[in-house]
Amino acid sequence: MSKSLKLLACTVALTAATPVLAEKIGLGRPALPEEVAAWDVAVLPDGTGLPEGSGDVFTGDEVFAEKCASCHGDFAEGIDNWPVLAGGQNSLTNRRPVKTVGSYWPYLSTVWDYIHRSMPFGAAQTVTPDEAYAITAFILYSNGLVEDDFVLSKENFSEIRLPNEGGFRPDDRAEAEYPLFMGEPCMADCAGDLKVTKRAVDLNVTPEDPDGKPAGTLPPLTLAAAGDVAAPAEEPAAEAAEEAPAVETAAADPALVEAGEKVFKKCKACHKVGDGAKNATGPILNGIVGKAAGAVDGFKYSKPMQAAAEGGLVWSHEALAEFLANPKGYMKGTKMSFAGLKKAEEIDAVIAYLGTFGG
Amino acid sequence: MAETEKKGPSRRAVLGAGLATGALAAGMGRAQEADPLITEVQDWASSFGDPVDAAPYGTPIRFESHVVRRNVEWLTESPVSSINFTPIHALEGTITPQGCAFERHHSGAIELSKGDYRLMISGLVETPMVFTYEDLMRFPRTVTTAFCECAANGGMEWGGAQLEGCQFTQGMIHNMEYTGVPLRLLLEEAGVKPEGKWIYAEGADASSNGRSMPLEKALDDVLVAFFANGEALRKEHGYPVRLVVPGFEGNMWVKWLRRIGVYDQAVESREETSKYTDLMADGSARKWTWVMDAKSVITSPSPQAPIRHGKGPLVITGLAWSGHGKIDRVDVSIDGGKNWQTARLSGDVKPKALTRFHLDIDWDGSELLLQSRAMDETGYVQPTKDQLREIRGLNNVYHNNSIQTWWVRADGEVENVEIA
């Protein structure tokens, strides 16, 4: 049957209420083997999908330190609220369970697959298969599941079983819960005296509007006269915090600064700028342009960065540009797990943007 | 804005007010004072408003600028792997506008054009296939309205009342009308082999978020959608193409959909093992808890929507939904669950979609403990938080579909509380 005839058949079938088509429509094209190989990289619990390769704990430790430790910690212990990957054994019944690869994850395939396909955060799909084997081996070691001379490979992968594999069962709500919640509910005199036992206000963790009310509280309708509502109804300008260092901004090209703000989205996950910014995964960057390297109070720099600081490195425009183009090439061992900005114009823009934030 | 000058009552209006007070004292029906908004010619009734070329794509009027998505900064380490909340306290009806519908990204909302878009079907199929956006536009379409609720909606509330406002406690939800191609048609195009029992849907973003689901679901009502509420999907909702999985948890509604793999087993990806599994009190865990059980919440009054008009007629409005089908009934209690009355279901009741309910009461100005309780067409009744805790413990995180209590104070302010 020709394509046009198939389409015709489809049109006829469509006159029915819902399209029910046993026959193919003839749209799309077969995927080429190399296309399938590029995209179909998921690894399944039985090891299906694993490529050839191997990696040892020692190499994994090194790669982990370079690519993962800035969020997950040198020992996979997790920095701040980033995921903890090791430890937590026997914590699943605690009030604060620690769900790690060793304590919770059921399958090792998930670890390898996620590292290879989705990590590092902000630079996904830059880990080679051998590196993924090595990092996975290191995470097993961090959880006390293998010795330090262990080598993980495609061949021995399915021999490794995680401790909590048996800890999961398919959804059983239909048996365990639904029968309890079926039927005509009570409509009158269903409870005795009731007291308020917990109040959210006591925790005081809700985002607030400037007047102290929960963020987004509807404004009183009595303010609805156009003249009255103008000021309070406007959102506080997001740019307000950035008005202070206007002196520096005046010299910068506003379009370049704006472009730099967009580029900075790649950095924001780890670096904060502006009033009230605090060190996070990376140090705050207020006043960074022209500042001595490794000098932000309260940030724990990598050893190479500390050494560079002692050597008198200053973040001139040129030094920053070189660093941002290839962070790990410029400074081997930096904690900054960022692949680098490929385009010179992006680097110029982000430096111009950073230049608008005074120290 | 042409005119911001504050208008006060005119002298004539004030003089009139004196007369009005006299009339009221006599007990009869003239308004207390003539309203200058009526008696005086207002600026907007005399001069021009905006021309038709002022806003080729409109945004809400500035008086509604508080009706926006909000996030809770302390919840996550990074705003590109985080969530924000729909302002359900300020919305009515059932359709959520895309611009204020909650977002959950695992690696940020990406820009993917229609021209660059490709969808691959691979795995246990007769012919692995690639479809362009243009190909998808030539398949027969269907239209479905469905709610999308994050499995963690209300997850912060397991340990106790925590956040002030249904935007934060129940706002990881939106409801849109989608147009797209049934996934079944695309799978038929590739030809699923008999040993194919599961599909795995994967996104094109850096997180490569992927979830497995049984083939039966994929062949049933799952949609490969490209329109929402009549227009193209917004970037943050997966432009140009997302998966719509009615009744199932939001994490499975893969955005920027790039691949459907057919397998003989679940992939057991990171998102369906280490996350989105339900840890029970005994340390065991449920997995594959896909369906969102029946749930409801009163959206006003609520902490962000206090009662400011005093006693008398009061509209209680809220939302109910069930991943198992249609909402059958919603009951409302004003005394913390001692006594219940059945609310009105307003508008169309659609399966696996938000349903609006209303109850109009005459508020006597006393404190209320407001609750709503949904029932769906299977006969399931929305449980209390204590009933769920008794089965699941406190570490469950996901699938908190329990009854919400709002404490309405005599001054009309409203708090999120637990009662016993």
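Axes are lines fitted to C-alpha atoms, for helices over the stretch in contact, with angles running from 0 to 180 degrees between N-to-C directions.

This is a predicted model, in which local features need pLDDT of at least 70 and side-chain atom pairs count only at pLDDT 80 or more, while totals for chains, interfaces and linings use all residues. Residues are numbered from 1 along each chain as its sequence is written, and chains are lettered from A and ligands numbered from 1 in the order in which they are written.

Let us begin inside chain A. Helices and strands here are DSSP runs (helices H or I, at least four residues; strands E, at least two), numbered from the N terminus. Helix H13 (residues 317-325) and helix H15 (residues 344-354) of chain A pack at about 125°, their axes 10 Å apart; H13(A) and H15(A) are therefore oblique to each other. From H13(A), A:His317, A:Leu320, A:Ala321, A:Leu324 and A:Ala325 meet A:Ile347, A:Val350 and A:Ile351 of H15(A) (contact: C-beta atoms, placed from the backbone, within 7 Å).

Now to the two chains.

| Side of the contact | Residues |
|---|---|
| Chain A | 87 residues |
| Chain B | 95 residues |

On chain A, helix H5 (residues 108-118) gives the largest share of the side touching chain B, six residues. Strands also join the chains: E5 (residues 196-199) of chain A pairs with E23 (residues 414-419) of chain B in the antiparallel sense over three bridges, pairing needing at least two bridges found by DSSP. There, A:Arg199 stands opposite B:Val417 in E23(B).

Methods
Two residues are in contact if their C-beta atoms, placed from the backbone, lie within 7 Å. Angles under 35 degrees count as roughly parallel, over 145 as roughly antiparallel, 65 to 115 as roughly perpendicular and the rest as oblique.
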